[in-house]
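Here's a friendly walk through a protein model for someone meeting it for the first time. Have a look at the sequence and the structure, then read on.

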Amino acid sequence: MTTIRATNLHKRYGAQPVVQDVSFELAAGETLVLLGPSGCGKTTLLKMLNRLIEPDAGTVEINGRDVHAQRPEVLRRGMGYVIQQVGLLPHYTVAENIAVVPKLLGHAPAAIAARTEALLTRLHLPPARYAGQLPHQLSGGQQQRVGLARALAADPPIILMDEPFGALDPITRASIRREFRELDELRSKTVVLVTHDVTEAFELADRILLLDAGRVQQMGTPRELLFRPANDFVRLFFAAERLALQLRVLTLGDVFGEENLTEANRTTTVHEALEQLTGAAADGSDTFTVAQLMAAFGEALQREEDAWKR
Ligand SMILES: Nc1ncnc2c1ncn2[C@@H]1O[C@H](COP(=O)(O)OP(=O)(O)OP(=O)(O)O)[C@@H](O)[C@H]1O
């Protein structure tokens, strides 16, 4: 089922077109990453989805209803929103910050408390320690987790995220990204996430919408963008990190053949497998070595490139 449908969106500021004729459809449960260079219109496009910005032309429908037919504040309560600056209320505790939207929606206090506890636990912020703290007592990564908990608190079916990990150092960023991927809570949600970080896009996206100067250059799976770029812009955009991205796109199933693997292993990416083989937790019980993996990866890449050429 289509959850979000954007049709022929246009936006200009003065003479500068910022979003030009953008259309896309998103199914329930999909994660779409809006990717592109600085100033290409990602944030503007995201904000059109919850009416923080109104388009000059074009429509946005959520579950078949034009967002223009809905009051912005009602629309926004149904869509979680996470931004880089987090925007926690400084004089409210972590728990109070998370409860803002459920309270507005009139949820019962006991239900709100239970939900807050569950979310904090799942996001590795033990409630006994963190629920009563103020935002300034938390690290940037912890604040970002609270921002995510707040967006999830009222269990909205759609979550919009604008550079949610942008303010974090690279190590915290990678670990929060991993938690984010593994959060059951998010699996069923429709997520639209803005980033200019190519690796982040490849790790999180079901599909990527790559923009340049307000225009869609290509929309597709990470694999499609990497192996079947629609134009030179797309090809060059990924050129510098091509190998790292190929490691993230190809799975053990692609490399060794699905029939040779357990179900759990098939969808492990080559990148993850390399981390496991070389990381601190490696216990020597693996059925292949780094050298075997890299050789098979090289062959799989060749097969992939040949397949797209045909
Ligand atoms: N309120 C505004 N008035 C005038 N120009 C604006 C306004 N908001 C955005 N712009 C311009 O529109 C263009 C797109 O901005 P937008 O924030 O959507 O880009 P972005 O892709 O999200 O960029 P970044 O990755 O740097 O955040 C930029 O050139 C920006 O300067």
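Predicted model: local features only at pLDDT ≥ 70, side-chain atom pairs only at ≥ 80, totals over all residues.

Residue numbers start from 1 along the chain, as the sequence is written.

## Two pairs of packed helices

Two packed helices are described by the angle between their axes and the distance between the axes. Let's start with helix 7 (residues 140–152) and helix 8 (residues 170–182), whose axes come within 11 Å and cross at roughly 25 degrees. Angles under 35 degrees count as roughly parallel, and helix 7 and helix 8 are therefore roughly parallel to each other. Their crossing is right-handed.

Now jump along to helix 16 (residues 270–278) and helix 17 (residues 290–309). Their axes are 10 Å apart, and the packing angle is about 170 degrees. With the cut-off for roughly antiparallel set at over 145 degrees, helix 16 and helix 17 are therefore roughly antiparallel. The crossing of helix 16 with helix 17 is left-handed.

## Salt bridges across the chain

Side chains of opposite charge can pair when their charged atoms come close. How many salt bridges does a search of the whole structure find? The count is 15. One of them joins Arg-5 and Glu-61, with 3.8 Å between the closest N and O atoms. This pair links distant parts of the chain, 56 residues apart: Arg-5 sits in strand 1 (residues 2–13) and Glu-61 in strand 4 (residues 57–62). Arg-5 counts as partly exposed at 30% relative accessibility, and Glu-61 counts as partly exposed at 21%.

Another salt bridge pairs Glu-203 with Arg-177, where the closest N and O atoms are 2.9 Å apart. Glu-203 belongs to helix 10 (residues 198–204) and Arg-177 to helix 8, so this bridge ties together parts that are 26 residues apart in sequence. Is Arg-177 buried or exposed? Arg-177 has a relative accessible area of 6%, and under 20% means buried, so Arg-177 is buried.

## One more bridge, and a network

Asp-254 and Arg-223 also meet through their side chains in a salt bridge, at 3.2 Å from N to O. Here again distant parts of the chain are linked: Asp-254 is in helix 14 (residues 252–256) and Arg-223 in helix 11 (residues 222–227), 31 residues apart. Asp-254 is partly exposed, with a relative accessible area of 24%, and Arg-223 counts as partly exposed at 25% relative accessibility.

Some bridges share partners: Arg-177, Glu-200, Glu-203 and Arg-248 are joined that way into one network.

## A nonpolar patch on the surface

Over on the surface, Leu-89, Tyr-92, Val-100, Leu-104 and Leu-105 form a nonpolar patch. Together they have about 420 Å² of accessible area. Take Leu-105, one of these residues. You'll find Leu-105 in the loop between helix 4 (100–104) and helix 5 (109–122), and at 37% relative accessibility it counts as partly exposed.

Val-101 is also worth a look, and its place is in helix 4. At 23% relative accessibility, Val-101 counts as partly exposed. From Val-101 to Glu-299 you go 198 residues in sequence and 51 Å in space, C-alpha to C-alpha.

## Sequence distance and space

Leu-134 is in the loop between helix 6 (127–130) and helix 7, and it counts as partly exposed at 27% relative accessibility. Which distance separates Leu-134 and Val-94 in space? Their C-alpha atoms are 6.0 Å apart, while in sequence the two are 40 residues apart.

Ala-174 is found in helix 8 and is partly exposed, with a relative accessible area of 28%. Between the C-alpha atoms of Ala-174 and His-196 there are 15 Å, and along the chain the two are 22 residues apart.

## Two positive phi angles

Most residues other than glycine have a negative phi. Arg-51, though, has a positive phi, near 65 degrees. Its place is in the loop between helix 1 (42–49) and strand 4, and Arg-51 is buried, with a relative accessible area of 14%.

Asp-155 has a positive phi too, near 55 degrees. Look for Asp-155 in the loop between helix 7 and strand 7 (158–162), where it counts as partly exposed at 44% relative accessibility.

Note on methods:
Heavy atoms only, no water. Patch = residues over 30% accessible without salt bridge, like charges linked within 9 Å, V, L, I, M, F, W, Y side chains within 5 Å. Areas by Shrake-Rupley, 256 points an atom, 1.4 Å probe, with all protein chains shown as cover. Salt bridge = Lys/Arg side-chain N within 4 Å of Asp/Glu carboxyl O. Helix = DSSP H or I, 4+ residues; strand = E, 2+ residues; numbered from the N terminus. Buried < 20%, exposed > 50% of the residue type's maximum accessible area, 1.4 Å probe, protein only. Axes fitted to C-alpha atoms, helices over the stretch in contact; angles between N-to-C directions. Parallel < 35°, antiparallel > 145°, perpendicular 65-115°, else oblique. Left-handed = near helix turned anticlockwise from the far one by under 90°.
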